[in-house]
Amino acid sequence: MTAARELGIAAGLRGGADLAGAVAEAALLTRDEPLREEAWRLHALALWAAGRQADALSALRRARTVLADEVGLDPGAALVELERAVLAQDGRVLREATRPPEPVPHVAPAPHVSEAPAAPAATGAEPFVGREEELERLTAAAHRARAAGPGVALVTGEAGMGKSALLLALGGRLRAEGWLVAFGRTTDAEGAPPAWAWVEALRAIAADTPPEPAVAAALSPLLAEDAPATGRAPGGEDVAAGRFRLHRAVGKWLAQAAYGRPVAVVLDDLHWADAETLALLSGAADLPPGTALLVVGAYRPEDTEGRLDDTLAGLVRRSPARLALRGLTGEAVAEVVRCVGGPRVDAEVITALAERTGGNPFYVRESARLLGSEGSLVALSEVPEGVRDVLRRRLGRLPEAVVAVLRLAAVAGRESGVEVLIGAADTDEDGVLGALEAGLLAGLLAEPEPGRVRFAHALVRDTLLADLSRLRSSRMHGRIAACLERLAPDDVSALAHHYVRAASSATAAKAVAHCLRAARLAESRFAHDVAAVLLAEAVECFERVPAGSGGDRDAERAELLGLLVRARVRAGAVMAARTTRRTAIDRAVGAGRDGLLVAAFTAWTEPTPWQTRPYGVVDGPVVELLERLLARPGHEPAVRCGLLGAYAAELSDAKVAGVRAAAREALALAEGTGDPALRAGALAALVKELDADLEWPERAALGGELERIGAAHELPGHQWYGMFVRSTALAAEGDVAGARRLVERWTRFARTYRMPGPVAVGEAVEATWAHVEGRYEEAEHLYRQAAVRMARQGSPHAEGILAVAIATLRVSQGRLAQSLPRLRQVYAAFGTPAGDLLAVALAAAGEDREAREVLDRAGPLRTDYFFKVFATFRAMTLVMLGERAGAEELYAALLPYRDAPPPSSGFTVAVRPVARTLGELAVLLGREDEAAGHFTRAAAIAEQWHSPWGAA
């Protein structure tokens with residue numbers, strides 16, 4: 001029996017027909033018959049034939065040890081001769097053992113393997129197996145896009161499921177059909193520049209179809225190799241306007257390129273995409289009908305929270321082709337095992353392997369390679385539970401020196417230059433090259449182009465990094481950064497990434513400098529979320545710079561914090577920006593320098609669609625600091641204007657005496673500066689101090705002026721806000737149709753300019769309109785959707801507005817008592833500002849005693865943008881309780897709002913007409929004649945707004 005097994009192994013070696021099977025079977029034989037020298041000889045020969053010379057020598061040494069320990073003998077002549085041949089790399093012995101057998105009359109056909117994709121080029125490409133149907137579906141989507149594009153296709157699947165391989169196969173097929181195919185890949189925290197997937201793809205298109213000079217200038221942030229020398233001035237180009245021009249240039253160029261021949265842009269790993277990558281994706285999908293463009297994106301479905309979710313929702317209207325990759329079939333698993341040179345195994349082993357791996361192609365391949373070295377017995381009893389366990393076992397079979405270099409490559413990134421690795425390694429050039437060759441032979445690395453290596457899959461890199469301590473990785477980052485500074489000084493994103501993670505005082509100053517350069521590059525591409533991260537890292541690294549390094553540290557820190565405030569506001573992280581500004585304020589106060597304090601307060605230069613502080617909160621110490629600075633004479637007009645704007649923002653809508661005067665003074669100062677952005681900001685500050693229902697004529701005039709300034713000076717944020725203000729004024733005037741038309745206009749405008757905050761406001765307005773018209777379920781869905789988007793865009797009010805909106809809906813549905821458990825939670829979270837919400841729900845549920853207690857604690861109503869809503873709730877509570885105390889004062893306070901429309905609080909929520917509430921209060925107070933008039937007016941308003949609300 002043993003001799004038969006040996007003959008089978010020898011036959012497998014002949015011509016290399018089944019080297020992996022021979023390796024596995026020989027390994028099993030040496031375990032079963034450890035004292036049989038022929039088994040060890042065949043095992044070493046099989047390993048040598050498979051290109052694993054080091055493993056062959058290791059097997060021969062194990063044979064020597066086993067023979068000596070067990071029977072006290074040295075190896076025989078055959079093993080000694082083979083060891084000598086392996087060491088001398090004398091191939092004659094190997095050629096004799098692997099000489100092909102004589103041909104036989106019939107050879108069974110091999111299973112079909114799809115043609116390997118043509119690009120991106122990489123050595124060691126894996127066979128394309130088991131995804132033929134998905135490839136056909138993508139090809140069909142491409143043909144539809146060619147005929148009536150643009151088209152979108154989305155490929156999803158967990159890590160290792162074969163998304164990248166499918167995209168490569170599609171690219172190869174489309175190129176063969178004459179398409180221009182451009183690939184781009186997002187990366188995970190390895191120092192790639194912002195919007196890198198599009199930078200890669202667009203540069204590939206430019207190499208084939210260069211843009212016209214005028215378009216090329218607009219595209220320079222994406223096509224230019226170097227970072228901008230300086231950042232834009234704080235009061236310079238409007239973010240929305242600049243992004244719009246860049247996206248329009250990209251769209252125009254893609255349309256021109258697709259005119260000559262169809263274009264496919266293939267974007268991989270979108271689950272790691274930054275905001276600008278996703279914005280460009282949305283823009284490409286919105287090109288004019290008839291554009292022969294296909295955009296393909298791949299991502300992991302479990303990692304779509306946040307911006308990617310919003311982008312995918314926006315792509316729904318394009319009816320994208322969707323492919324969710326599942327595990328391979330048993331037949332495909334068997335084919336993968338055969339294609340990667342795994343052992344010849346029976347159906348039982350294939351079934352076990354398919355079940356344990358879930359048919360995940362990468363997991364299957366790695367398990368098959370493990371079987372090739374450890375035998376098929378592993379598949380039946382010892383297959384690891386996860387792909388990382390498989391990879392660890394495979395890495396464990398490599399020499400430690402090889403693994404050390406692979407870990408260095410993992411720290412360098414998913415892809416890295418060989419020259420950088422040679423310079424950063426703690427071994428010589430031969431050692432690095434030998435280790436990389438071992439990684440290539442093991443299928444852990446690929447060569448995308450000469451002089452560069454890339455991990456075969458992100459999971460390989462992840463596994464290497466997971467087993468690396470932060471102490472050691474930080475030193476590696478430092479060595480890599482030093483090499484990059486010498487070899488690629490313009491790769492600012494990578495330099496910033498590695499110097500930050502070097503985390504040492506010796507390199508902290510360089511980390512700050514490179515973070516600033518990388519942040520300017522990000523800002524030039526309107527990737528403000530990336531810029532904010534880089535600037536936050538710069539601030540952190542600045543604190544590591546030794547104190548004796550010279551310079552004005554307080555001023556330098558203040559400048560960094562100011563840049564971070566602006567970047568966070570532009571990225572929509574309003575509350576994070578507020579926290580950063582508070583840090584700058586505290587530092588300036590600690591240093592006793594008013595100049596730095598002024599800089600901290602005036603760093604906030606971007607318009608925001610909502611209040612920039614938590615509801616009902618006034619930061620007394622900050623207000624006192626602003627009042628002290630404003631009392632000091634000698635400020636330049638622009639500076640004083642900025643301080644007045646900050647003062648108004650801190651007290652906005654709080655009806656504090658002097659704030660409206662401050663806003664008007666800021667407007668007068670801004671007019672004298674001739675700065676349109678400053679004037680627009682002052683106009684916006686004044687608008688927020690005017691009552692939307694009672695002072696709508698002045699708001700309409702100011703909104704019109706804001707809109708004109710925005711249009712004339714390319715300030716889309718202010719232009720949008722002007723339209724928004726005018727729509728609320730039209731609603732207050734009673735021009736329902738005009739308000740609706742203007743809402744639709746500014747909603748389109750916000751989407752055209754891809755303004756996340758205003759788009760979120762638009763969703764809230766749509767929800768409010770649905771509520772007013774009695775479409776309650778639709779309204780609730782839209783409100784919840786809007787709240788999620790508002791929270792992502794940095795609004796501090798998303799949760800609170802949603803709670804109020806749902807409460808107003810429950811009132812309209814007659815289900816207020818059912819909301820009591822949730823409103824108890826809201827009250828616990830927000831305290832007395834939410835008292836009226838809880839009190840009205842308690843009264844509706846018949847909990848009169850507790851309702852009175854909560855109402856007593858609530859105190860006077862705030863005269864802010866929620867006044868109309870909370871006053872309605874309080875009136876309902878008094879009416880349900882039959883409580884006249886406070887009803888007279890409330891009636892008087894609400895009477896000026898008798899003609900107010902149902903939309904309230906800047907269109908974010910809706911309540912029944914105030915006239916109806918006045919009627920109920922009048923009944924409570926015994927004023928029946930007045931009540932009748934109020935109910936008649938309420939019915940008229942409800943009819944005007946096509947609303948089910950009317951008389952009681």
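The buried residues of helix α34 are covered by elements that include α33 (676–687), α35 (716–733) and α36 (736–752). In this predicted model, α34 spans residues 696–712 and has 17 residues. From its first C-alpha to its last the helix reaches 24 Å, close to the 24 Å expected at 1.5 Å a residue. Which residues of α34 are buried? They are R699, L702, G703, G704, L706, E707, I709 and G710. An α-helix has 3.6 residues a turn, so residues three or four places apart point the same way. After α34 comes E714, whose phi is positive, near 50°.

Aromatic residues come next. The structure holds 13 aromatic pairs. In one of them, the ring centres of Y865 and F866 are 4.8 Å apart with the planes at 45°, so this pair counts as tilted. The two residues also have computed accessibilities: Y865 is partly exposed at 24% relative accessibility, while F866 is buried, with a relative accessible area of 3%. The cut-off behind these labels is 20%, because buried means under 20% relative accessible area. A separate group, W720, Y721, F724 and W746, forms one aromatic cluster.

The remaining topic is a sheet. Three strands form an open sheet in the order β6-β8-β7, with antiparallel pairing. The edges are taken by β6 (415–417) and β7 (445–449), each with a single partner strand, so one side of each has no neighbour in the sheet. From one strand to the next the twist averages 35°. Strands of a sheet pair through backbone hydrogen bonds, either parallel or antiparallel.

How many bridges join β7 to β8? There are three, and β8 covers residues 452–455 and runs antiparallel to β7. Within this pairing, A446 stands opposite R454 in β8. Helix α21, residues 429–441, lies across β7 and β8 and runs at about 105° to β7.

Technical notes:
Residues are numbered from 1 along each chain as its sequence is written. This is a predicted model: local features need pLDDT of at least 70, side-chain atom pairs count only at pLDDT 80 or more; totals for chains, interfaces and linings use all residues. Side-chain values use heavy atoms; hydrogens and water are left out. Two strands pair if DSSP finds at least two bridges between them. Helices (H or I, at least four residues) and strands (E, at least two) are DSSP runs, numbered from the N terminus. Axes are lines fitted to C-alpha atoms, for helices over the stretch in contact, and angles run from 0 to 180 degrees between N-to-C directions. Contact means heavy atoms within 4.5 Å. Rings of Phe, Tyr and Trp (its six-membered ring) pair if their centres lie within 6.5 Å; planes under 30 degrees apart count as stacked, over 60 as edge-to-face and the rest as tilted. Buried means under 20% relative accessible area, exposed over 50%, partly exposed in between (1.4 Å probe, protein chains only). The expected span of a helix is 1.5 Å times one less than its number of residues.
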